[in-house]
Amino acid sequence: MYKVVYNKKISSNSYEMLVEAPLVVEKCMPGQFVIVMAKEDSERIPLTIYDYDREKGLLWLIYQVIGASTEELTTVQQKIFSVSGPLGNANEICKDPDAYKGKRICYVAGGVGIAPVYPQVKYLQEHGFNVDVIYGSRSADLLLIRDKVEKVVSKIRYATDDGSFGTKGFVTDILASNIEDYDIVVAIGPVIMMKNVVELTKKYNIPTIVSMNPLMVDGSGMCGACRCEIDGKPKFACIHGPEFDGFKVNFDLALKRMSIYKEEEQEKWELMKKRLQGGKNHE
Amino acid sequence: MNDSKVKGRLQDADVRVTNFEEVEFGYNDEEALQEASRCLQCVNPRCMKGCPVNIMIPEFIKGIKEGDLKKAYEVISRSSSLPAVCGRVCPQEKQCESMCVKGIKGEAISIGSLERYVADQAIINQFNSVVPAEKVGKKVAIVGSGPAGLTCAGDLAKAGYDVTIYEVLHKAGGVLTYGIPEFRLPKSIVQKEVDSLKKLGVEIKCDVPIGNALTIADLQQQYDAVFLGTGAGLPKFMGIPGEDANQVFSANEVLTRINLMGGYQEEAKTPIKKGKTAYVIGGGNVAMDAVRSLKRLGVDAHIMYRRSLEELPARKMEVEHAVDEGIVFDILKNPVEILTDDKNNVVGMKVVNMILGEAGEDGRRGVTEDPDSLHTVDCDMVIMALGTSPNHGALKDSDIALSDKGLIVVEGTKTSLDSVFAGGDAVTGAATVILAMEAGKKAAKEIMESLS
Ligand SMILES: Cc1cc2nc3c(=O)[nH]c(=O)nc-3n(C[C@H](O)[C@H](O)[C@H](O)COP(=O)(O)OP(=O)(O)OC[C@H]3O[C@@H](n4cnc5c(N)ncnc54)[C@H](O)[C@@H]3O)c2cc1C
Ligand code: FES
């Protein structure tokens with residue numbers, strides 16, 4: 001059990017949770033993630049480490065409600081059953097900033113993809129980098145943690161599908177018109193966004209790091225649920241990733257593999273909604 | 001004279017395929033006594049030579065005969081820490097029972113069932129109340145909570161050491177918890193083992209990935225000794241086309257969803273795929289566990305194995321139970337491609353027949369593909385149970401010596417790193433519970449020697 005300081009709604013479909021997890025944050029690095037379980041019988045959910053305070057042993061998480069298990073997570077108060085981590089590898093640039101000195105870096109984030117982007121940009125700023133961010137979502141109300149991000153970037157540009165904030169259109173539109181300004185791109189967001197970013201950067205031969213978020217169970221390399229095709233070979237995102245060289249990722253396969261448990265998950269969600277509904281009727 | 005062994009009572013096959021409860025009921029007192037009386041009490045017991053940990057088998061059986069179960073339990077406990085587990089999962093037909101004199105002309109003594117009987121009685125009657133020795137003021141870190149880690153922790157704690165186990169999953173037990181299904185090894189038995197360690201004062205820290213949260217170097221600094229019992233959990237795949245299809249899973253994934261995450265229960269929150277027809281590729285215990293679990297979920301479940309039935313490496317009892325449960329065995333066959341639709345869903349497999357050749361150096365007969373036998377089978381799920389290899393996440397940033405095969409190199413149980421010991425599957429590659437248990441015992445002994 002871990003103490004939950006707060007678990008609050010920050011947009012129409014996203015929540016921010018602050019947890020006491022000293023052993024997780026003692027050595028964690030931007031790019032790594034944790035697996036959480038609301039209760040002892042809950043599903044294991046991988047979530048990115050979005051912010052941390054090593055001295056106080058605090059860990060910040062952001063999650064979007066997309067199914068029964070994330071819905072259940074919103075009910076967590078005071079205590080959460082399990083927070084396992086840090087898992088996966090640190091972002092390559094953060095791991096060795098000196099190797100990237102002088103490089104012009106652009107982060108492209110989509111939706112909750114801003115959660116893994118934020119700690120990286122913050123870390124790089126602390127290490128003397130001026131990093132640009134392009135951040136997109138469907139509409140203005142779904143843009144998260146803007147205040148925090150704006151404090152650590154050199155320049156941030158927004159894109160929304162409906163034009164309610166920033167440029168109307170996609171993050172790739174903004175990246176396309178500024179592509180000459182960058183030596184390295186890091187893209188984190190929906191698979192389709194990362195795929196589109198890589199299609200663009202490939203044309204200009206700009207190295208691009210992406211962060212894969214496949215289905216996971218254990219997060220320790222034991223089940224293979226998280227396998228992605230990298231350079232024609234299967235790799236486990238939880239131990240070999242989650243970040244990979246975007247040019248080598250088979251995005252089409254990743255897109256298809258995300259739907260493996262769609263029906264089962266839908267069923268569980270319906271069941272859970274019914275249960276919640278049932279509970280309310282009793283009150 | 002009728003001298004056949006006392007058969008263990010089982011749940012009926014057609015009933016047990018509808019539940020996850022234990023298949024075997026285990027001997028009752030009379031049955032155990034009757035089976036024990038069959039033992040000849042050989043002066044030169046061959047059975048013991050077949051036991052990897054040399055349990056004094058005739059002596060514990062004598063205890064049963066004499067109605068002194070406490071003594072029987074003490075005899076087993078001298079050599080084994082996990083008898084309730086090993087009695088259930090050891091491949092006895094290849095070990096102790098294969099050597100029993102009685103087996104030459106008739107049926108060997110059911111040593112495994114007797115071991116289980118004694119261990120279960122010990123749990124019921126709480127024989128296990130060991131009082132730990134006075135604290136010696138030394139700290140040991142154990143990485144991994146499988147049979148190797150649990151055993152090492154237990155022996156050290158009993159001797160007065162301060163022991164902390166680090167486990168990356170949210171529950172302790174290793175393969176005993178996430179891999180071997182309830183119907184073969186009830187989780188309550190594993191939990192009892194874990195609880196008894198806690199009673200001895202062992203601290204179990206779950207959720208901690210060693211290598212990331214703390215490195216081995218950190219552990220070396222914070223503890224007087226470190227034991228690595230991280231197992232061999234990394235699943236293998238075949239490398240054939242179509243293996244990335246949506247319904248191709250490792251056996252570990254299927255078993256983890258079912259066991260660790262309780263996916264077989266209606267109200268479980270972790271989803272589990274239930275196809276119409278599933279092929280489990282492989283012939284070991286892992287394959288049997290996966291195929292029988294799927295059967296219990298209502299799937300038409302097949303084994304596909306590239307050698308013959310005689311070569312199946314699984315425990316004999318499990319194969320027999322699987323056959324009775326209606327598992328279809330497609331032997332001497334191997335998939336060469338997994339067929340999918342445009343959404344990446346499995347629709348079948350291309351399969352070749354295999355031809356059995358001569359026995360190789362390891363005594364196993366080789367196989368070759370029959371090139372003219374290519375055919376397809378329909379299915380909507382494929383499970384790979386091809387074996388596992390060590391997963392060395394714990395060794396991140398360390399320069400511990402590894403063999404060509406990626407196994408941790410040890411002398412006794414000592415690794416190339418100062419005050420770091422290792423044992424179990426991480427050292428041997430995927431093996432057995434009893435060997436992992438033995439390695440844990442041996443490491444505890446060597447750790448105590450090195451610290452005294
Ligand atoms: C499905 C299945 C069925 C089996 N059936 C049988 C059988 O019938 N009979 C038999 O004798 N054997 C059987 N085996 C084999 C047997 O279970 C293993 O040989 C035995 O469990 C090995 O024990 P171990 O302690 O070395 O490792 P494991 O039991 O594998 O335990 C290792 C533990 O270490 C943890 N770990 C790994 N890395 C880290 C890290 N970096 N940080 C923290 N923790 C970590 C893992 O999560 C795991 O809990 C079976 C195996 C499987 C998978
Ligand atoms: S999540 Fe199980 S291997 Fe990666």
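In this predicted model, a polar backbone atom of Ala148(B) sits 2.9 Å from an oxygen atom of ligand 1. The side chain of Glu167(B) brings an N or O atom to 2.6 Å from a ligand oxygen, and a backbone N or O atom of Ala431(B) lies 3.2 Å from one. Of the 1000 Å² of accessible area that ligand 1 has on its own, the protein covers 94% (Shrake-Rupley method, 1.4 Å probe).

The shell around ligand 1 counts 33 residues, the closest being Val89(B), Ala148(B), Glu167(B), Arg184(B) and Asp425(B) (a heavy atom within 4 Å). By class, 18 are nonpolar, eleven polar and four charged; Ala, Val, Leu, Ile, Met, Phe, Trp, Tyr, Cys and Pro count as nonpolar, Asp, Glu, Lys and Arg as charged, and the others, Gly among them, as polar. Helix α15(B) gives the largest share, three residues (helices are DSSP runs of H or I, at least four residues, numbered from the N terminus).

As for Arg184(B), it belongs to the loop between α11 (175-178) and α12 (187-199) of chain B. Arg184(B) counts as buried at 7% relative accessibility (buried is under 20% relative accessible area, 1.4 Å probe, protein chains only). Leaving aside residues up to four places away in sequence, Arg184(B) touches residues including Glu22(B), Arg88(B), Asp289(B) and Glu318(B) (heavy atoms within 4.5 Å).

Residues are numbered from 1 along each chain as its sequence is written, with chains lettered from A and ligands numbered from 1 in the order in which they are written. Local features need pLDDT of at least 70, side-chain atom pairs count only at pLDDT 80 or more, and totals for chains, interfaces and linings use all residues, while side-chain values use heavy atoms, leaving out hydrogens and water.

Note on methods: Helices (H or I, at least four residues) and strands (E, at least two) are DSSP runs, numbered from the N terminus. Buried means under 20% relative accessible area, exposed over 50%, partly exposed in between (1.4 Å probe, protein chains only). A polar contact is a pair of N or O atoms within 3.5 Å; within protein, one must be able to donate a hydrogen and the other to accept it, and residues adjacent in sequence count only if both atoms are side-chain atoms.
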